[in-house]
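Have the picture open while you read.

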Amino acid sequence: MTEADVPRWEKRFRAGRVGLPEWAEDAPDRCVVEATVAGVLEVHSFEAASGELRRLTDRPEGTSSATIDHAGEFVWWFDDTAGDEYGVWRRQPFGSAPRTSVEDPLGLPPAYPAGLSMGRSGVVVVGSQDDDYGTRIDVVRDGRARRVYEHREDAWAGDLSPDEQWLAIAHSEHGDSRHPDLRVLLLADGYTVAELSDGPGKGVSPLGFSPVLGDPRLLVEHERYGRAELLVLDVLTGAETPVELGVPGEVAGAEWTRDGSGLVVLLDHEARTLAHRVTLGTAAVEAIGPTTGSVGGATARPDGDVWLTWSSSATPSVVRNLAGDVLLRAPGEPAPESVEVRDVWVEGEGGRIHALLRLPAGADGPVPVPLPLVVEVHGGPTAHDTDAFRPYCATWVDEGFAVVQVNYRGSTGYGSVWRDALEARVGHVELADIAAVADHLVAEGIADPRRLVLAGASWGGFLTLLGLGTQPQRWVLGLAGVPVADYVAAYEDEMEGLKAFDRSLFGGSPSEVPEKYADSSPLTYVDAVTAPVLVLAGRNDPRCPIRQIDNYLERLDARGATHEVYRYDAGHGSLLDDERVRQMRVELDFVRRHLL
């Protein structure tokens, strides 16, 4: 196949990818960044001054979790087995070649990661999780570990203060990991110096200490007033200073400016994420960077500039500064562009539902022709779809489909009440919103009711299987990637952090509230599935393990139901372009055979 023969959709999946560089506090020209090389996502060192990008890791399954120390001497990356997310932190010298001088300086047993923070003196704070003990947080210096926290419930290590006095953690000792509490420990002995809890159903999380040495201020995210907002906590006095933004949206991320005088804040509002600069003490809030599309991440630089990643549904992601200069380009040819999204608002049983609609070029005339529709359901569920570049959605548009993404109840970005509404009846609440949007598009003449495809991965895969069983008259086809299929078996086999999440979501474990898990499990409704269904599953997936998927497939087999399964050798997704392309081809082939 020549370059000219490669379809546009495949070029998007194979186009180079690059993330937001993370720079060293004391050597800001030295950065670590994740980027593709030869179709595999790997960790790279990046010299900002020269623009040099040098590959650091080389693993068959790729590498996607990394950080850099304060001095810029070492890059740290997480080493698991074939995507199972269970492993150890390793480090190697900045700028070194793959497999060169790689070491395990912590000497801790393999576990699921639960936070990593480093100090200038060489101290490392590492959080870990395991089925046997829950969560542990250790302080490691010169290869010797000292435990400062341990609990059966979910927790994670947040930030270490610049003077290495205090460690901020988030924990769910109260049993609700969806709404954590905050604690600040004295690093020397683990003594609690500050705590913050807003009570049931209201989470508080540490975002970071002021970068100024000796400054006791900690930036905190809270939801006291029904959405994610900010305050500054003085950990010595307990004084709280609200950060009043006065602009629409809820906080999606925030970090300090390097002099500690202000913040760079990302705000989600109606499926767009935009950046703002806040000057503390003056209440000045300034919009910065792009005013359309979505900012995927931002970091404040010592010179006052801000680096950020940005994309829109039509335009692939780039790394740029506030002047609009492109700072770092992914290797190879850029991805072909796609179409802009359109906002759709639909009245649902729980309030107005926001969705993003993509239509093929030329399909928006005065009398739209009903189109096949892919309802692409996001994962999480604590996430939401934004006006951002998605090769998956663009592929279906190229194929002549309308594509809609629904920010159902359970999604972030629309307030705490909307996010937590799914707890009333997990899965069924989200599907009611998804169905309302699909029905609206049918009524508007945009979607053909005979060609409605329900598709999604992770939580989206779970909702796809649940929707096929509880709304069999609506969906003509289902595409379920790495789904929860048998909720009880999934709970038994999944990683410890997700067990805590499920207990928070359902109000207990399967042994404590069996009726709730049964009501929300796709396996309960498998005998009602009439639509052909394709299931994609990772053999090493710790989030949606393979056994519970096999249980569901066996029930389909027993009925002789039309279904296919595609298994791949990775975890909850793949970092390899070849594998991502293979999976897209499998979905396209399945739909072409069963729908068109």
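Q: How many salt bridges does the structure hold?
A: This is a predicted model, and it holds 57 salt bridges.

Q: What makes aspartate 79 and arginine 90 a salt bridge?
A: The label needs a side-chain nitrogen of Lys or Arg within 4 Å of a carboxyl oxygen of Asp or Glu.

Q: Why is aspartate 79 called buried?
A: The cut-off for buried is under 20% relative accessible area. Aspartate 79 comes in at 18%, so it counts as buried.

Q: And arginine 90: why is it called partly exposed?
A: Its relative accessibility is 24%.

Q: Which residues are joined with Asp79 and Arg90 into one network?
A: Arg59, Glu61 and Asp80 are joined with them, through salt bridges that share partners.

Q: How do you know that arginine 419 and glutamate 223 form a salt bridge?
A: Their closest N and O atoms are 2.7 Å apart, and the limit is 4 Å, so the pair qualifies. Arginine 419 is in helix H3 (residues 416-420), while glutamate 223 is in the loop between strand E17 (217-222) and strand E18 (229-234), 196 residues apart. Both arginine 419 and glutamate 223 are buried.

Q: Where in the chain are aspartate 439 and arginine 474?
A: Aspartate 439 is in helix H4 (residues 428-443), and arginine 474 is in the loop between helix H5 (459-470) and strand E33 (477-481). They form a salt bridge, with the closest N and O atoms 2.8 Å apart.

Q: Is aspartate 439 buried or partly exposed, and what about arginine 474?
A: Aspartate 439 has a relative accessible area of 35%, which lies between the 20% and 50% cut-offs, so it is partly exposed. Arginine 474 has 17%, which is under 20%, so it is buried.

Q: Why is helix H2 described as largely enclosed by the rest of the structure?
A: Because seven of the eight residues of H2 (residues 391-398) are buried. Those are Pro391, Tyr392, Cys393, Ala394, Thr395, Trp396 and Val397.

Q: What follows H2?
A: Glycine 400 does, and its phi is positive, near 95°.

How values were computed
Residues numbered from 1 in each chain as written. Predicted model: local features only at pLDDT ≥ 70, side-chain atom pairs only at ≥ 80, totals over all residues. Heavy atoms only, no water. Buried < 20%, exposed > 50% of the residue type's maximum accessible area, 1.4 Å probe, protein only. Helix = DSSP H or I, 4+ residues; strand = E, 2+ residues; numbered from the N terminus.
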